[in-house]
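Thanks for coming. Please look at the sequence and the structure on the screen while I talk.

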Amino acid sequence: MSSRDEPLTPATVEPLLRGRFGRPYLWSESCASTQDVLRGSGLPEGAVAVSEHQTSGRGREGRPWEDAPGRALLLSVLLRPPAGSQIQELSLVAGLAVAETVEEARDHASLKWPNDVLLGGGKVAGILLEASGDEVVCGIGVNVSQTDAELPVGTRLPAASLLTATGRKLDRAELLASLLVTLEHRYDAWRRRGLVSLLDELEARNALRGHAVRVGGEAGTVVRIAVDGRLALRRDDGTEVLVASGEVEHDGRG
Ligand code: BTN
């Protein structure tokens, strides 16, 4: 194992911040989950918690999110979307921001609806939304400098890091600052104009289009990401159905 990356301390990261996300910026060497640092904290929108290591990092559907200390971006961002917002759409908003950020290292990242970011066929990042009251804690895990040996095995999708996918060791602090400003821009666009304003960028990265899948009790070929963030499938009988949530499984027939 090579040495750890430079820690993402406030002294390193705060001078790189370019917007309102990351203010305040809460960093720790280790915590249970960055989600818990922000939940119910009363902090303003844009507060960010970052840790070098999580002892109980969590993913979707109750799965654990494992890390190699000092090798990933493990962050949570506090959002306060307007009342009545379709907050599940934030998974796609955040996924797009992560994809655009990692594309600075290598074209072309893709999105596996609803929340996985893929690079070179492996999953480099995942998003976890946790909502309560008027707040949403948006958790983002990006594998940055893990070697093959440091990546988790036995995951639903094969894991990759930006290092394994690009062969390049990237500066985590620069990456984090870039992700925060991109997320802020995409989030602001979503607040002002809705998901429709991001659909072209999302669809351009839709890893599932044209694939035969099973999801949410439905089976069909993925047609597109719909304007409300649902996944549009064409069934064998030609009818179209929109699926709001679920784990996508590739259908062996297709
Ligand atoms: C997934 O793909 O299942 C979502 C993974 C989300 C992981 C991030 S790491 C930072 C934040 N804290 C957590 O405990 N989980 C999210």
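Which backbone atom lies 2.7 Å from a nitrogen atom of the ligand? The answer is a backbone N or O atom of Arg 58.

Before going on, a word on the source. This is a predicted model, where local features need pLDDT of at least 70 and side-chain atom pairs count only at pLDDT 80 or more, while totals for chains, interfaces and linings use all residues. Residues are numbered from 1 along each chain as its sequence is written, and side-chain values use heavy atoms, with hydrogens and water left out.

Back to the ligand. There are 21 residues around the ligand, and those that come nearest are Ser 33, Gln 54, Arg 58, Arg 60 and Lys 123; a residue counts as near if one of its heavy atoms lies within 4 Å. In the side chain of Lys 123, an N or O atom is 2.6 Å from an oxygen atom of the ligand. Thr 34 also takes part: an N or O atom in its side chain is 3.1 Å from a nitrogen atom of the ligand.

Now the domains. The chain is divided into domain 1, residues 10-204, and domain 2, residues 212-250, with bounds from an automatic or database domain assignment. Their centres, taken over C-alpha atoms, are 25 Å apart. In contact, meaning heavy atoms within 4.5 Å, are 15 residues of domain 1 and 17 residues of domain 2.

How much area is buried between domain 1 and domain 2? About 1,100 Å², with 58% given by carbon and sulfur atoms. Buried area is the accessible area (1.4 Å probe) that two parts lose on being put together, summed over both.

Next, charges. Side chains of opposite charge can pair when their charged atoms come close. We call it a salt bridge when a side-chain nitrogen of Lys or Arg is within 4 Å of a carboxyl oxygen of Asp or Glu. By this rule the count is 29, and between domain 1 and domain 2 it is three. Glu 247 and Arg 63 form a salt bridge through their side chains, at 3.3 Å, N to O. Another salt bridge joins the side chains of Arg 156 and Asp 116, at 3.1 Å, N to O.

How values were computed:
A polar contact is a pair of N or O atoms within 3.5 Å; within protein, one must be able to donate a hydrogen and the other to accept it, and residues adjacent in sequence count only if both atoms are side-chain atoms.
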